[in-house]
Amino acid sequence: MSFWAVIPAGGAGTRLWPLSRSAAPKFLRDLTGSGRTLLQETYDRLVPLAGDRFVIVTGAAHREAVCEQLPGLSEGGLIAEPSGRDSMAAIGIAAAFLERRDPDAVMGSFAADHVIKGAPSFESAVRTAAEIARERDWLVTLGITPTFPSTAFGYIREGEPLVGHDDAVVVGEFVEKPSAEVAEQYLAKGCYRWNAGMFVVRPRVLLDLLADHDPEFAATLRTIAAEPERLAELWETLPKIALDHAVAEPAADAGRVAMVPAAFGWDDIGDFDSLATLLEHARTAAASGPTILGDAELVHAIDSTGLVVPRSGRTIALVGMEDVVVVDMEDAVLVTTRAHAQRVKQMEMANSRIKRDPEPLLRSAGVPTLTA
């Protein structure tokens with residue numbers, strides 16, 4: 001039974017503006033300094049598991065860029081969405097095509113913009129999940145060992161051990177992003193894992209689980225797979241909903257989701273603070289000053305810390321700045337602090353208005369403006 005890797009490559013990464021934008025989202029960027037984009041790194045780590053069996057699902061606007069970055073994709077290995085319909089539609093359409101192409105396959109879905117450290121542990125966890133998915137008509141997920149009480153991620157509560165698999169458990173429930181107090185309780189209890197949105201399942205099982213609660217949704221996906229020429233016509237009729245809500249949560253309530261606990265390092269690079277932390281871990285112990293993603297010769301810092309991304313070719317000088325974030329692109333410059341990194345999303349959402357009339361945006365951000 002073959003294993004297929006499905007990579008949903010969508011989202012704009014708005015909390016990383018102006019480095020990540022709708023036209024050039026973070027999965028098309030090198031954010032680790034490795035020389036490979038996040039999409040390419042995701043592809044690289046899945047090759048040992050899937051060989052050339054890949055399905056990339058991305059927006060039509062990014063089709064060309066994805067093909068350029070992954071020239072080894074086999075024919076039929078890319079599905080271009082006419083518009084973003086959230087993860088259930090993206091992963092579901094891949095499942096529908098695979099159900100027809102390779103009926104006995106197992107598929108694993110892994111986001112294009114996550115960073116994973118520890119390839120052997122990752123591969124072992126995925127192989128275990130695939131083994132369970134082959135044996136049962138269940139959905140299988142990977143639960144990440146939490147390293148701190150994060151309020152940015154959803155959690156998975158461990159249930160009873162899975163019979164026949166000492167290294168897996170039945171999922172008790174999926175829970176939404178908690179408050180700081182609740183997240184600390186989860187960590188103290190020790191039976192909660194981060195939900196990284198990694199799912200392994202047979203394509204038919206995924207669509208049948210969806211059909212249990214939304215038969216029309218599943219039927220439309222299968223119709224598109226049978227009649228690809230109708231993709232543009234039918235795509236806009238699909239609900240906008242995440243796979244977690246459409247399938248994972250109700251399947252867990254029915255006792256049909258297993259979890260493989262995973263200890264590999266994982267980060268979804270949700271904002272500039274998490275990006276800075278990720279890059280700091282890769283620095284040598286003797287390194288000092290701000291972390292730099294790009295040409296270090298362009299940055300001159302005195303008594304300063306934080307993250308600097310020089311992309312315009314200009315010199316950036318910092319004096320006495322603590323935990324600052326500076327992103328210098330050719331057409332935009334962001335200056336904030338790591339503590340306010342989550343608010344960057346507001347800038348991307350209003351970016352189209354900045355050039356026309358910046359004052360309303362500045363006032364909403366608490367910046368005084370001058371009037372005549």
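Predicted model: local features only at pLDDT ≥ 70, side-chain atom pairs only at ≥ 80, totals over all residues.
The buried set is L243, D244, A246, V247, A248, P250, A251 and A252.

Now pick out one of those neighbours, α3. Helix α3 (residues 86-101) meets α9 (residues 243-253) at about 75°, and their axes lie 6 Å apart. Angles from 65 to 115 degrees count as roughly perpendicular, so α3 is roughly perpendicular to α9. On the α3 side, look for S87, M88 and I91; on the α9 side, they meet L243, A246 and V247. Sorted by class, this contact has five nonpolar residues, one polar and no charged ones. Follow the chain just past α9 and you reach G255, which takes a positive phi of about 75°.

Next, hop over to an open sheet. Four strands build it in the order β12-β14-β16-β17, with mixed pairing. The edges are β12 (291-292) and β17 (333-337), each pairing on one side only. β12 runs parallel to its partner β14 (residues 306-310), and the two pair over two bridges. To find your bearings there, look for I292, which stands opposite V308 in β14.

What packs on this sheet? That's helix α10 (residues 272-281), which touches β12, β14, β16 (324-328) and β17. The direction of α10 makes about 95° with that of β14.

How values were computed. Residues numbered from 1 in each chain as written. Heavy atoms only, no water. Axes fitted to C-alpha atoms, helices over the stretch in contact; angles between N-to-C directions. Parallel < 35°, antiparallel > 145°, perpendicular 65-115°, else oblique. Contact = heavy atoms within 4.5 Å. Nonpolar A, V, L, I, M, F, W, Y, C, P; charged D, E, K, R; others polar. Buried < 20%, exposed > 50% of the residue type's maximum accessible area, 1.4 Å probe, protein only. Pairing = 2+ DSSP bridges.
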